[in-house]
Amino acid sequence: MNAILLDVQQLLRDQFSLTEEQVRPGQKLVDLGIDSLSTIEFMFVLEDKFGISLAESRTKIETVDDVAALVLEAMETKGAIA
């Protein structure tokens, strides 16, 4: 998951003009100024980047770690990761 976490952190920095220090694994998205609508929009960015579908996910996404775990789960479901 480390590589996925690093990619997610980079995408968050790029998408929301955040610094490396701000995008720590346990950091809450709301504390970064990322509201629920922005989170949903970011899910589309993740889908494009990783070639996955997050539409069926009902997981609560609160932290940077949650985002990375969601991507990992979707990639495993797709069979992209053994």
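**Entry 1: the model.** I am working from a predicted model.

**Entry 2: the core.** I looked up the largest nonpolar core and found 24 residues in it. I asked which of them touch the most other members. They are Val8, Leu46, Phe50 and Val71. Helix H1 (2–16), helix H2 (36–50) and helix H3 (64–78) each supply at least two residues. H3 gives the most, with eight residues. I note that nonpolar side chains tend to be buried together in soluble globular proteins.

**Entry 3: Val8.** I listed the contacts of Val8, leaving aside neighbours within four places in sequence.

**Entry 4: charges.** I searched the whole structure for salt bridges and found one. Lys60 pairs with Glu62. Their closest N and O atoms are 3.3 Å apart. Then I checked exposure at both ends. Lys60 has a relative accessible area of 60%, so I log Lys60 as exposed. Glu62 comes out at 36% relative accessibility, so Glu62 goes down as partly exposed. Side chains of opposite charge can pair when their charged atoms come close.

**Entry 5: Ser17.** I looked at phi for Ser17. The angle is positive, about 55°, although Ser17 is not a glycine. Most residues other than glycine have a negative phi. Where does Ser17 sit? I find Ser17 in the loop between H1 and H2. Is Ser17 buried or exposed? Ser17 is exposed, because its relative accessibility is 65% and the cut-off for exposed is over 50%.

How values were computed: Residues are numbered from 1 along each chain as its sequence is written. This is a predicted model: local features need pLDDT of at least 70, side-chain atom pairs count only at pLDDT 80 or more; totals for chains, interfaces and linings use all residues. Side-chain values use heavy atoms; hydrogens and water are left out. A salt bridge is a side-chain nitrogen of Lys or Arg within 4 Å of a carboxyl oxygen of Asp or Glu. Buried means under 20% relative accessible area, exposed over 50%, partly exposed in between (1.4 Å probe, protein chains only). A nonpolar core is a set of buried Ala, Val, Leu, Ile, Met, Phe, Trp, Tyr and Cys residues joined through side-chain atoms within 4.5 Å. Helices (H or I, at least four residues) and strands (E, at least two) are DSSP runs, numbered from the N terminus. Contact means heavy atoms within 4.5 Å.
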